[in-house]
Amino acid sequence: MRHVISILMENEAGALSRVAGLFSARGYNIESLTVAPTEDASLSRMTIVTRGSEEIIEQITKQLNKLIDVVKLVDLSEDEHIEREMALIKVRAIGEAREEYKRLADIFNGRIIDVTETTYTIELTDSGDRIVEFLAAINADEIIETVRSGVSGIARGEKSLHP
Amino acid sequence: MVQITRFRGCFYLLRELYTRNSLRSSKAGMREKSRFVNANGSFESVFNVAGAGNINRVAISLKRMLTVELTGAEILVRSLKEEGVTHLFGYPGGAVLHIYDALYQQEDVKHILVRHEQAATHAADGYARSTGKAGVALVTSGPGATNAVTGIATAYMDSIPMVVITGQVFTSMIGNDAFQEVDSIGITRPCVKHNFLVKDVADLAETIKKAFYIATTGRPGPVVIDIPKDVTANKAEFNYPKTVSMRSYNPVVKGHIGQIKRAVAMMLSARRPIFYTGGGVVLGRGAAELTALAQQLNYPVTNTLMGLGAYPASDRQFLGMLGMHGTYEANMTMHHCDVLIAIGARFDDRVTGNIEKFCPHAKIIHVDIDPSSISKNVKVDVPIVGSVPDVLQEMIALIKGGNKKPDEDAIGEWWDQIAEWRSADCLKYDEESGKVKPQQVVESLYRATHGDAYVCSDVGQHQMWAAQYYKFDKPYRWINSGGLGTMGFGLPAAMGAQLAHPDATVACVTGEGSIQMCIQELSTCLQYGLPIKIIALNNRYLGMVRQWQEFFYDGRYAMSYMEALPDFVKLAESYGHVGMRIDNPADVDGAMEEAMKLKNRLVFMDFVTDQEENVYPMIPAGAGLNEMILV
């Protein structure tokens with residue numbers, strides 16, 4: 001099962017490596033990991049997407065909680081939540097393809113943020129699935145490079161994660 | 001009026017200031033309220049400073065002028081003193097020279113100079129295991145830190161409270177591949193409870209406070225503090241915090257009362273119960289509560305390797321150790337139980353055997369301070385997160401106050417069944433072989449020390465024999481590397497235990513393989529006059545490796561034989577100790593008594609034992625607890 005775990009942690013040097021080290025040392029897998037400071041500069045918020053059985057996920061959350069730098073965490077996938085990921089996709093855009101990519105970007109609510117005579121760079125912010133769909137809609141040979149941010153997640157409604 | 005208080009040794013300075021300038025010109029009045037000599041032999045005075053106008057400014061500037069700033073090295077040493085540290089195990093080097101200079105100028109914290117940094121961490125560990133207090137080690141940067149890692153990992157696996165201070169290169173040099181630089185924080189991260197790099201001397205005292213707090217609370221463990229050399233030279237005001245609180249670290253103490261009630265009901269309805277208890281009972285200081293609870297119920301008790309001593313081994317209700325080399329009665333009782341009460345134990349693979357076959361009929365209660373230990377290997381029915389003595393006290397009170405009592409008939413039948421398993425006498429061995437039997441040596445040690453020694457062991461067959469044949473009646477007496485299985489642990493751990501208990505008998509049960517992994521510490525023992533009794537079970541084999549090769553590799557003894565052993569008697573003598581060689585079983589008891597009489601000398605007893613003796617009983621890999629090999 002895929003799980004999205006959101007972690008509030010001390011914004012200190014080495015905190016990220018403690019989490020990453022825990023996953024590799026105990027053989028858990030990380031599908032994506034994002035981290036940045038919050039409005040409170042002493043705290044960082046991390047979103048980890050991982051896969052595993054219920055027992056494994058239970059161990060992951062317990063082991064994460066045991067890290068001294070972890071202030072609080074929640075398994076977002078236990079409840080209603082929103083996931084967003086940003087992708088930057090640079091494509092070869094020559095001739096008729098230029099129109100085609102413009103239409104495709106519009107359909108997916110993407111924006112073309114850089115234009116040259118031969119390329120477009122498209123920004124897309126959506127769920128991971130939608131980004132995969134977008135990539136599938138483009139001829140793979142036309143993609144010059146892709147950068148994905150990894151998933152950020154937040155609970156719906158009043159629920160929140162704070163210290 | 002402003003009161004200025006507690007300025008060390010400042011009376012004369014204050015008077016000087018007063019007569020000379022600022023205080024007089026500000027028309028402030030200053031009256032000495034009291035004066036006393038503090039513990040350091042310097043004056044502390046309390047002044048009332050009164051006056052108009054800029055009196056606060058005067059007070060602040062006075063405070064600034066009079067506040068004593070200490071170097072990072074001095075702050076470190078003073079902080080250790082504040083933590084009640086009496087012994088510091090270490091080895092000097094470039095990055096920690098300031099610290100050694102500060103240590104040299106005081107007498108409260110005694111530094112023990114080991115001969116290898118691995119031994120510094122093991123000795124601090126042995127000190128911790130024999131006292132329950134945090135052990136402290138100090139090593140230099142680079143190789144000092146990497147040598148210490150084995151000892152840190154050993155303590156981590158067994159949840160031992162320890163604070164390890166590692167020197168580091170100058171802050172400005174970190175990351176530049178400087179001489180003796182290593183990423184100590186990175187290297188130790190997977191084997192510490194937490195670690196800190198101190199970059200500012202102003203943070204040092206608080207970091208030390210946090211380190212001791214983290215190391216000794218909740219599920220204990222080692223904490224590393226990495227201190228760059230410039231931080232030990234820089235100055236700051238010294239204020240050791242009385243308490244510390246961390247929003248991200250709040251260990252649980254009280255167990256959930258609803259869960260405790262459920263557990264008690266389950267315990268009282270049991271027909272075939274057993275207590276399975278581990279190192280958490282010793283570390284959590286719950287041995288007295290465990291004994292009271294088990295005796296209140298008249299239920300059988302088994303201990304893990306780490307839990308020995310938590311329940312008196314000479315008591316009728318004790319079934320011995322369980323697991324791979326546990327007793328037949330302990331493992332059979334486990335296998336057939338209907339309620340398993342696990343306390344401070346972690347269902348390690350050496351205990352459970354094949355997890356599919358583990359306790360097939362049992363409802364499981366698990367008390368542990370660490371939530372991640374619960375349902376990690378075996379799914380449990382009633383988990384209770386809390387400190388062992390707190391939870392057990394609640395249980396004892398609930399049972400005492402309630403109406404329900406254990407089913408005496410069922411428990412009686414259960415004890416009859418256990419007696420039958422016991423009659424297999426699984427620890428019997430051939431006493432007529434004409435060879436010195438390792439089991440016989442441990443039994444002899446037990447008698448000669450009246451079961452009251454601190455027994456430190458290395459790792460291998462001798463470790464299992466010590467665990468099986470020495471009956472530990474008290475906690476903190478059995479000191480061994482259970483989780484990591486670190487050869488070389490025994491002798492330095494014994495040094496830590498002996499320094500903590502100078503008048504007690506400390507024995508190091510070892511083998512000729514293990515002892516050579518930290519043999520250099522015989523020199524440390526000489527320097528500090530540590531009268532450790534080394535009981536070397538010398539079978540000229542790496543015994544446990546040989547045993548497995550005999551069982552599972554058709555007797556192909558690859559690299560398990562040592563062809564070039566030193567003469568241990570002469571070796572001990574060359575270090576200024578007493579050496580003995582015993583190769584006749586009839587001489588074992590006499591030699592043991594003779595050695596114990598040498599109260600102030602280290603005695604190296606080289607027992608030439610039966611070469612191919614195996615540790616029995618044994619559960620082969622992949623088998624269940626009911627599938628033991630008895631002989």
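**Cores and sheet**

Analyst: The largest nonpolar core has 101 residues, of which Phe275(B), Leu340(B), Met395(B), Ile535(B), Met605(B) and Phe607(B) touch the most other members. Such a core is a set of buried Ala, Val, Leu, Ile, Met, Phe, Trp, Tyr and Cys residues joined through side-chain atoms within 4.5 Å; buried means under 20% relative accessible area, exposed over 50%, and partly exposed in between (1.4 Å probe, protein chains only). Another core, of 47 residues, lies apart from it and includes Phe489(B) and Cys508(B). This is a predicted model: local features need pLDDT of at least 70, side-chain atom pairs count only at pLDDT 80 or more, and totals for chains, interfaces and linings use all residues. Residues are numbered from 1 along each chain as its sequence is written, chains are lettered from A and ligands numbered from 1 in the order in which they are written, and side-chain values use heavy atoms, with hydrogens and water left out.

User: Which strand order does the open sheet of six strands have?

Analyst: Strands are DSSP runs of E, at least two residues, numbered from the N terminus, and two strands pair if DSSP finds at least two bridges between them. Here the order is β6-β5-β7-β8-β10-β9 in chain B, with parallel pairing. At the edges, β6 (110–113) and β9 (194–197) of chain B each pair on one side only. Four bridges join β5 (residues 87–90) of chain B to β6(B), and Phe89(B) stands opposite Ile112(B).

User: Is Ser159(B) buried or exposed?

Analyst: Ser159(B) is buried, because its relative accessible area is 7%. Ser159(B) sits in the loop between α7 (143–157) and β8 of chain B.
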